[in-house]
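Please look over the sequence and the structure shown below. A short report on them comes after.

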Amino acid sequence: MNYSGIKYTDMINGEGIRVSLFVSGCSHYCKDCFNSDTWDPNYGSPFTEDIENEILNYFKKYDKSIKGLSLLGGDPTYLTNIDPLVAFIKRFKESFPKKDIWIWSGFTWEVIIKNPKLLSLIELCDVLVDGQFHIEEKDLNLKWRGSKNQRVINIKKSLELKETIKYID
Ligand code: SF4
């Protein structure tokens, strides 16, 4: 898996102060995508163990002030990103079980829950921003997403209650 960047002390992508990892690879090709360079899974640099350690060390250093980890892209649920992210999240949770994890996917919740591979990654996270970006529904006032079709979903509650529970409207 490659990644295009890491934002330490990110206050835009999710609630609170976060560390955001932008991975490469996306198969959705949304019209007017804000980040089309990252469609290519080879864009950026390899996500190595050293980079994982760098993120974990940052959390150790600023444990009290960082609320959680955000995974964006590209698309973290791009096929070849799933296994490396599952492995990294498991490692992350061992050290920081109380930090929340937000993830963005071009797939909708309904598609994800029917696909065991996608679900293996999503079920490790707390909040999902789902669906492709639709330029026709673009709305700059929305929090954490670009278009009205996208939803901010509470993953744990949605799985528990077997219905789509939004984190915010
Ligand atoms: S899912 Fe996201 S990264 Fe992929 S094409 Fe759509 S807006 Fe761009």
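The report covers the sheet, the helices and the ligand site.

## Basis

This is a predicted model, in which local features need pLDDT of at least 70 and side-chain atom pairs count only at pLDDT 80 or more, while totals for chains, interfaces and linings use all residues. Residues are numbered from 1 along each chain as its sequence is written, and side-chain values use heavy atoms, with hydrogens and water left out.

## The sheet

An open, mixed sheet is built from 8 strands in the order β3-β1-β2-β4-β5-β6-β7-β8. Strands (E, at least two residues) and helices (H or I, at least four) are DSSP runs numbered from the N terminus; two strands pair if DSSP finds at least two bridges between them. β3 (45–46) and β8 (166–168) are at the edges with a single partner strand each, so one side of each has no neighbour in the sheet.

## The ligand site

Around the ligand are Cys26, His28, Tyr29, Cys30, Cys33, Trp39, Gly74, Gly106 and Phe133, each with a heavy atom within 4 Å of it. This shell has 6 nonpolar, 3 polar and no charged residues, where Ala, Val, Leu, Ile, Met, Phe, Trp, Tyr, Cys and Pro count as nonpolar, Asp, Glu, Lys and Arg as charged, and the others, Gly among them, as polar.

## The helices

Helix α1 (49–61) lies across β1 (2–10), β2 (18–23), β3 and β4 (68–72), at about 10° to β1. Helix α2 (79–95) lies across β2, β4 and β5 (100–105), at about 175° to β4. Contact means heavy atoms within 4.5 Å; axes are lines fitted to C-alpha atoms, for helices over the stretch in contact, and angles run from 0 to 180 degrees between N-to-C directions.
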